Amino acid sequence: MNLTRRQWLAATAAASCLPAAQAQAGSLKISHQFPSGSLTEGDFRDRLCRRFAAEVEKRTSGALKASVYPGSSLMKTNAQFSAMRKGALDMSLVPLSYAGGEVAETNAGLMPALVPSYEQGAAWKTAEVGKLLSKVLDDKGVIIVSWVWQAGGVASRARPLVTPDDAKGLKVRGGSREMDMMLKTAGASVITLPSNEIYAAMQTGAMDAAMTSSTSFMSFKLEEIAKHLTSGRQRTYWFMLEPLMISKEVFSKLPKAQQDIIMAVGAEMEVFARDAAKADDQAAATIYAKAGAKVYDMDEPTLKKWQAIARDTAWKDFGEKNDSCAAILKAAQKLL
């Protein structure tokens, strides 16, 4: 009887410990569309996710771990935002404007010429515009963990795309509905696809030029097929908000201490992201020049021409969507 009792006690103790162990060892899945790298090498957006995961695990003493799924290996690019809203995906680093068809306000994240510098982009987080946008996302079930802004430009095959006049007759990928509106007014035909599909479209001739971030210009190796690059290293109308986000449903189930760590680490990643994005603006220009492409920098008068088109098309359309979009646009313009 004594042996049976010891066995029963051991089994009971093991069973009671199991749920506690499972509850303590939480895990998050972070999805993104960009090429895989490491903590120190590769696309900085992948590195940011890996740094974030490592630091969260360290600060929670292993109680909360995160796994990174690059290259849309966990789920398709355009499904990530919706999946976070439903709690079906924990976290994602994805261009916010990709959700524009689902949540109109997110198109502010790639509004042509509305954010002309990294400094103004960074100011959004604590300014009225950032608070309004965060409230919209929170209501939709998504929380921004890291505010990441990236400059971009244009890679093209046959001829450069620098001024509005250059756009006439070209098939161009703008990256957002609003960017496409500006391009159409300038005379271009627009192509809609995620940045990880640009290479194939340009290679086959289905697309003449593509607008995307400096980092994507390198990560997707467009220098292999592009003959011209309009750089974002000095000034550009193309600034994208590409935040690291977490599902509100998933976040709300975590202990308060872990929530605080996630937000603190996320904020710290923003400095890394800004420095890396700026470095990539310069690196992209260097890489394309070495590959034989002609590199162009945009001057202030040209930027103003694009901004004038954007104001009469994309900005106007966005502001007329609903009261929330109008308020976000007005708040963003205050920072110009």
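**View 1. Arg-51 places its charged end over the ring of Phe-272, 4.1 Å from the ring centre.** Here a charge sits over a ring if NZ of Lys or CZ of Arg is within 6 Å of the ring centre and within 35 degrees of the ring normal. This is a predicted model, in which local features need pLDDT of at least 70 and side-chain atom pairs count only at pLDDT 80 or more, while totals for chains, interfaces and linings use all residues. Residues are numbered from 1 along each chain as its sequence is written, and side-chain values use heavy atoms, with hydrogens and water left out.

**View 2. Arg-45 lies over the face of Phe-34.** The distance to the ring centre is 3.6 Å.

**View 3. Phe-44 and Phe-272 form one of six aromatic pairs in the structure.** Their ring centres are 6.4 Å apart and their planes meet at 75°, so the pair is edge-to-face (rings of Phe, Tyr and Trp, its six-membered ring, pair if their centres lie within 6.5 Å; planes under 30 degrees apart count as stacked, over 60 as edge-to-face and the rest as tilted). Phe-44 belongs to helix H2 (residues 44-59) and Phe-272 to helix H10 (residues 256-290), 228 residues apart. Helices (H or I, at least four residues) and strands (E, at least two) are DSSP runs, numbered from the N terminus. Phe-44 is buried, with a relative accessible area of 1%, and Phe-272 is buried at 16% (buried means under 20% relative accessible area, exposed over 50%, partly exposed in between; 1.4 Å probe, protein chains only).
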